[in-house]
Amino acid sequence: MNQNIICWFEIYVQDIERAKKFYNSVLRINFTDAAMPPGDAPGNMKMSFFSSPENQGVSGALIEMPGTKEGNGKCMNTMVYFPCEDCAVEESRVVAAGGMVHQSKMDIGEFGFCSICVDTEGNPFGLFSM
């Protein structure tokens, strides 16, 4: 299992092509567009992975998806994912700890499984397992 406390991040964007151009200009990195699993991804969702010649164990993606709110410079709308053996186990502890389960464990195809939760401060976070 991944030994990093964070295993994945997502940055929600309004225009994925504009965001890729921005991050490429600033960080000098490229992106790899993802094919979405049929039926599981919300309609019109686009995902593009940050590409790095030396992946340091944590990666992420830009996400363009209806229903999400991108940042406006005043609020942060980035989500981190924590690695788990089985995200359903950690998900089962969320409500008792004062949080909320927004999306129960779901299959994300060849990439594994994830749950989307909200902490006691209103911050969304993900749980990820293979």
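Visitor: How much accessible area do the residues of the nonpolar patch on the surface have together?

Guide: In this predicted model, local features need pLDDT of at least 70 and side-chain atom pairs count only at pLDDT 80 or more, while totals for chains, interfaces and linings use all residues. Residues are numbered from 1 along each chain as its sequence is written, and side-chain values use heavy atoms, with hydrogens and water left out. Patches are built from residues with over 30% relative accessible area and no salt bridge, like charges being joined within 9 Å and nonpolar side chains (Val, Leu, Ile, Met, Phe, Trp, Tyr) within 5 Å. The patch is formed by Phe22, Val26 and Leu27, and their accessible area (Shrake-Rupley method, 1.4 Å probe, only the protein chains shown counting as cover for residues) is together about 290 Å².

Visitor: What relative accessible area does Phe22 have?

Guide: Phe22 has its place in helix α1, residues 16–27, where helices (H or I, at least four residues) and strands (E, at least two) are DSSP runs numbered from the N terminus. Buried means under 20% relative accessible area, exposed over 50%, and partly exposed in between, with a 1.4 Å probe and protein chains only. Phe22 counts as partly exposed because its relative accessible area is 46%.

Visitor: Which residue in strand β2 is linked with Lys20?

Guide: Lys20 is buried, with a relative accessible area of 12%, and it forms a salt bridge (side-chain nitrogen of Lys or Arg within 4 Å of a carboxyl oxygen of Asp or Glu) with Glu17, the closest N and O atoms being 3.2 Å apart. Both of these residues lie in helix α1, 3 residues apart, which is about one turn of the helix. A further salt bridge, at 2.8 Å from N to O, joins the side chains of Lys20 and Asp33. This pair links distant parts of the chain, 13 residues apart, with Lys20 in helix α1 and, in strand β2 (residues 31–33), Asp33.

Visitor: Why do the buried residues of α2 line one face of the helix, and within what arc do they fall?

Guide: In helix α2, which covers residues 87–94, the buried residues are Cys87, Glu91 and Val94. Seen down the helix axis, with directions taken from the axis to the C-beta atoms, these residues line one face of α2 because they fall within an arc of 40°.

Visitor: How far apart in space are Glu91 and Ser104, C-alpha to C-alpha?

Guide: Glu91 is buried, with a relative accessible area of 14%, and what covers the buried residues of α2 includes β6 (100–107), β7 (113–118) and β8 (124–129). Leaving aside neighbours within four places in sequence, Glu91 is in contact (heavy atoms within 4.5 Å) with Val101, Gln103, Ser104, Lys105, Ser115 and Leu127. Glu91 and Ser104 are 13 residues apart in sequence, yet C-alpha to C-alpha they are separated in space by 7.5 Å.
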